[in-house]
Amino acid sequence: LPHYDYVQCEVQWPFGHGLSYSKFDYSDLKVASNGIHHGYHKRDGDLPVSVTVTNSGSMEGYDTVMLFSFDEFRSTTPEYKRLRGFEKVFLHAGESKKITIPIPVSDLHFVGPHDDSHYIYESLQFRIGVGADTDCRNMEDGQDDALCSDPIALTVDEDYIGACEAACDLWKTSGCMKSAKLDSQSCWDKCTAIGQDTSLQMNNDGWGYNYVHCLENLVWNNDFNADPSQCWKMTTFCRDVLATPGMDELGHGATPDQFVGNHSGMLALILSIVAGLVATVCIIGAMRGGFRKKRGASDDIQFMGLPTSYPVD
């Protein structure tokens with residue numbers, strides 16, 4: 001898609017284009033705040049946007065008021081313009097009406113550069129414009145100033161990590177936080193603490209999206225119930241992040257001392273050694289003929305002769 005720094009996007013028929021027997025004008029575009037915030041523990045709600053619609057034609061009619069957002073920058077290529085809300089209003093000739101449309105802050109997330117299936121939030125700036133023909137990404141020409149808002153800043157917490165938000169939400173959905181001695185705060189702290197040691201080359205996605213995918217396949221499975229009897233699967237089928245604090249999904253940050261005293265791991269090691277020894281003894285015994293049956297055993301195959309011709313009556 002064209003970027004506003006290079007070329008204005010020209011279209012023959014803008015989204016929402018339509019014919020009417022009347023004419024509608026917009027004025028007094030107002031946004032409730034020029035800054036909104038998203039954090040894991042504290043999230044803003046809706047962003048109300050109001051505009052006055054006037055039927056300046058000679059006939060009554062309907063108009064669909066549409067609000068669009070225009071991102072000024074983003075880590076992934078943003079949409080040229082994105083519909084954020086709309087409302088249909090009926091006005092008599094010469095009538096004006098103030099319309100307020102709330103834009104949920106939760107709608108400002110987008111699929112980030114990490115993968116193609118998870119939404120994230122990011123600190124950025126955007127504008128709100130009203131009307132199908134409005135273009136708020138070409139403000140240097142002074143066009144559509146009255147129909148475009150001032151820049152609005154979306155900010156996130158300094159320790160915000162999208163993968164940690166997804167992972168901790170899945171832990172809450174699973175109903176297993178209590179059995180794992182976790183709460184929302186401790187889950188967030190454990191996940192976001194990964195990567196804070198600048199002396200190591202750490203992945204900055206906390207527990208990582210591979211871990212998130214594993215939890216999704218487990219928690220969203222129809223066979224999984226939010227029951228304590230099912231919670232062992234959270235640390236068995238998926239990586240046991242509680243037993244490896246400070247380790248990212250690539251294994252960075254782990255030390256051998258973290259695994260000392262892990263009885264489940266020690267038991268698995270002992271069982272694997274015993275199984276290997278038993279298999280070795282069986283193989284050696286088979287190679288030496290220890291499992292052959294002695295000749296003359298009662299279950300040897302016996303043969304007897306059969307006549308080759310029979311008398312015919």
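Q: Why is Trp-232 called partly exposed in this predicted model?
A: The relative accessibility of Trp-232 is 46%. Buried needs under 20%, and exposed needs over 50%. The value of 46% lies in between, so Trp-232 counts as partly exposed.

Q: What makes Trp-232 and Phe-237 an aromatic pair, and why is the pair called edge-to-face?
A: The ring centres of Trp-232 and Phe-237 lie 5.2 Å apart. The cut-off for a pair is 6.5 Å, so the two rings pair. The planes stand at 70 degrees.

Q: Why do Tyr-121 and Tyr-160 count as a pair, and what kind of pair is it?
A: The centres of Tyr-121 and Tyr-160 are 6.4 Å apart. That is within 6.5 Å, so the rings pair. There are 80 degrees between the planes. This is over 60, so the pair is edge-to-face.

Q: What does the pair of Tyr-121 and Tyr-160 tie together?
A: Tyr-121 lies in the loop between strand 8 (119-120) and strand 9 (124-130). Tyr-160 lies in the loop between strand 10 (152-156) and helix 1 (162-174). The pair therefore ties together parts that are 39 residues apart in sequence.

Q: Is Tyr-121 buried or exposed, and how do you know?
A: Tyr-121 has a relative accessible area of 10%. Buried means under 20%, so Tyr-121 is buried.

Q: Is Tyr-160 buried or exposed?
A: The relative accessibility of Tyr-160 is 11%. That is under 20%, so Tyr-160 counts as buried.

Q: Which residues form one aromatic cluster?
A: The cluster consists of Tyr-40, Tyr-121, Tyr-160 and Trp-188.

Q: What makes the charged end of Lys-81 sit over the ring of Phe-68?
A: The charged end of Lys-81 is 4.3 Å from the centre of the Phe-68 ring. The distance limit is 6 Å, and the charge must also be within 35 degrees of the ring normal. Lys-81 is counted as sitting over the ring.

Q: Over which ring does the charged end of Lys-88 sit?
A: The charged end of Lys-88 sits over the ring of Tyr-62, 5.3 Å from its centre. That distance is within 6 Å.

Q: How many cavities of 30 Å³ or more does the structure hold?
A: The structure holds one. About 60 Å³ of space lies in the largest cavity. Among the residues that line the largest cavity are Asp-71, Arg-74, His-109 and Phe-110.

Q: How does the lining of the largest cavity divide into nonpolar, polar and charged?
A: Five residues are nonpolar, one is polar and three are charged. Asp and Arg count as charged, so Asp-71, Arg-74 and Arg-84 fall in that class.

Q: How much space lies in the largest pocket, and which residues lie nearest its centre?
A: The largest pocket holds about 630 Å³. Its lining has 21 residues, and Gly-16, Gly-18, Phe-24, Tyr-26 and Asp-63 lie nearest the centre.

Q: Which elements give two or more residues to the lining of the largest pocket?
A: They are strand 1 (24-31) and strand 4 (61-71). Strand 4 gives the most, with four residues.

Q: Which residues of helix 3 are buried, and what covers them?
A: The buried residues of helix 3 (residues 209-219) include Tyr-209, Val-212, Leu-215 and Glu-216. The cover includes strand 8, helix 1 and helix 4 (232-236).

Notes. Residues are numbered from 1 along each chain as its sequence is written. This is a predicted model: local features need pLDDT of at least 70, side-chain atom pairs count only at pLDDT 80 or more; totals for chains, interfaces and linings use all residues. Side-chain values use heavy atoms; hydrogens and water are left out. On a 1 Å grid over the protein atoms alone, a cavity is a set of points where a 1.4 Å probe fits but cannot get out, and a pocket is an open set with protein on both sides within 12 Å along at least five of seven lines; lining residues have an atom within 4 Å of a point. Grid points are joined across faces, edges and corners, and a volume is the space filled by probe spheres set on the points. Rings of Phe, Tyr and Trp (its six-membered ring) pair if their centres lie within 6.5 Å; planes under 30 degrees apart count as stacked, over 60 as edge-to-face and the rest as tilted. Buried means under 20% relative accessible area, exposed over 50%, partly exposed in between (1.4 Å probe, protein chains only). Contact means heavy atoms within 4.5 Å.
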